[in-house]
Amino acid sequence: MTTVVDVGGAAEVLARHREVTVLCHLRPDADALGSSAGLARALRAEGVTVHHSFDPGTVPDALRVIPGTEHVVPLCDVPAHDGLVVALDCASPDRVGDWERLTEAAAEVLVVDHHRSNPGFGTHLLLDPDAASTASLVLDVLVAGRYPVDADLASSLYAGLITDTGSFRWGGPGAHDTARRLLAAGAESRTMGFELLDAHSFSWLRVLSQLLASARLEADAVGGRGSIWLHVPHEVVVAAEESDVESLVSHLQGVREAWVSVLLKEFRPGEWVVSLRSRDGGESGVDVSAVAAALGGGGHPAAAGCTLRGDLDTVSARLRELLG
Ligand code: 5GP
Ligand code: MN
């Protein structure tokens, strides 16, 4: 049974444990790693034994700028223990990895998330779909629990906030209030912004130009709103930095003629990790999280994902059918 908690209730759960495993979702983004690194730092400062990990546990180079990621350990090295497991930014248990082994031994399992598609799991659930980032929720939990927030902790959380809000394009007043509090606590914003939003290698530019030249526009799709499609074959994925591949979707989102962007990444041969984006955030009817959910994934109305197996044409046809 899952008990729904508010930020104060989540802080009470944290306070009950001296050994805590802090997990975020596989192929972590800056919100997953930033929110979990921030929580891990706060707990360590209280003398708690912390195991910070995700599946499989190698931090992508581009995200190492986030303070605390140097303490991440491989998931296979995390012991099953009878303390607390916290899952952050994970919309479902299958986004965590090794879920059964780690949670069966645990006395309590706290889930902190902001994905509307989250069905609710764990013994305690803090779920706020209106939160701009999971990092925002972690800040509120730490404040409720009176944990000190130092500059490094604030920077970790800020990393999640700037990326999940698309540099504050989404998230409303709450996101700006969280930013104000994190900056006042000493969050570093310039390096974090450069490394997480702008930085790539020179060699990526050539790959990028070839990939972008292969993008296809379907101007009449999605009820006339238009869609833009790009696929990244396995041989390109293996030669590139993961963060560079992930960042491709931001180029698609800027195309005026398309309200919906579809990026297909062949991380394993015949297995396509799909990123979906909707420009209007679902407000005028294109909720990409519904499409992703219908295919076993999930996410937010404006940004969602799923993983599909098969050849490119079959996978694209399934997506096209659901997008309309
Ligand atoms: P991205 O395209 O950046 O990988 O993901 C966009 C959003 O969709 C993120 O909030 C991410 O957590 C969510 N998401 C991506 N893939 C999946 C998936 O397979 N399952 C679920 N439940 N959510 C996903
Ligand atoms: Mn997030």
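User: Is Arg225 buried, partly exposed or exposed?

Analyst: Buried means under 20% relative accessible area and exposed over 50%, with partly exposed in between (1.4 Å probe, protein chains only). Arg225 has a relative accessible area of 29% and is partly exposed. Its place is in the loop between strand E7 (216-218) and strand E8 (227-232); helices (H or I, at least four residues) and strands (E, at least two) are DSSP runs, numbered from the N terminus. This is a predicted model in which local features need pLDDT of at least 70 and side-chain atom pairs count only at pLDDT 80 or more, while totals for chains, interfaces and linings use all residues. Residues are numbered from 1 along each chain as its sequence is written, chains are lettered from A and ligands numbered from 1 in the order in which they are written, and side-chain values use heavy atoms, with hydrogens and water left out.

User: Which residues are the protein donors of the manganese ion (ligand 2)?

Analyst: Donors are N, O and S atoms within 2.8 Å of the metal (3.2 Å for Na, K and Ca); water is not among the atoms, so sites may look incomplete. Here the protein donors are Asp31 (OD), Asp89 (OD), His114 (NE2) and Asp164 (OD), at 2.2 to 2.4 Å from the manganese ion. Along the chain they follow the spacing D-x57-D-x24-H-x49-D. Asp89 lies in the loop between strand E4 (84-88) and helix H3 (99-105), and Asp164 in helix H5 (residues 151-164), so the pair ties together parts that are 75 residues apart in sequence. Asp89 is buried at 1% relative accessible area, whereas Asp164 is partly exposed at 22%.

User: How many residues surround ligand 1?

Analyst: A residue is near a molecule if one of its heavy atoms lies within 4 Å of it. For ligand 1 the number is 14, and the closest are Arg95, His115, Ser275, Arg277 and Gly298. In terms of residue type, Ala, Val, Leu, Ile, Met, Phe, Trp, Tyr, Cys and Pro count as nonpolar, Asp, Glu, Lys and Arg as charged, and the others, Gly among them, as polar. By that scheme the shell has four nonpolar, eight polar and two charged residues.

User: Where in the fold does the shell around ligand 1 come from?

Analyst: Strand E10 (271-278), strand E11 (298-299) and strand E12 (303-309) each supply at least two of its residues. E12 gives the largest share, four residues. Domain bounds come from an automatic or database domain assignment; domain 1 (3-197) and domain 2 (202-323) each contribute at least three residues to this shell.

User: Which side chains have an N or O atom at 2.6 Å from an oxygen atom of ligand 1?

Analyst: A polar contact is a pair of N or O atoms within 3.5 Å; within protein, one must be able to donate a hydrogen and the other to accept it, and residues adjacent in sequence count only if both atoms are side-chain atoms. The side chain of Ser275 has such an atom at 2.6 Å. For Arg277 the distance to a ligand oxygen is 2.9 Å, and for His300 it is 3.4 Å. Taken alone, ligand 1 exposes 500 Å², and the protein buries 83% of that; these areas come from the Shrake-Rupley method with a 1.4 Å probe, and for residues only the protein chains shown count as cover.

User: What joins the side chains of Thr21 and His81?

Analyst: A polar contact of 2.8 Å joins them. Thr21 lies in strand E2 (residues 19-24) and is buried, at 1% relative accessible area.
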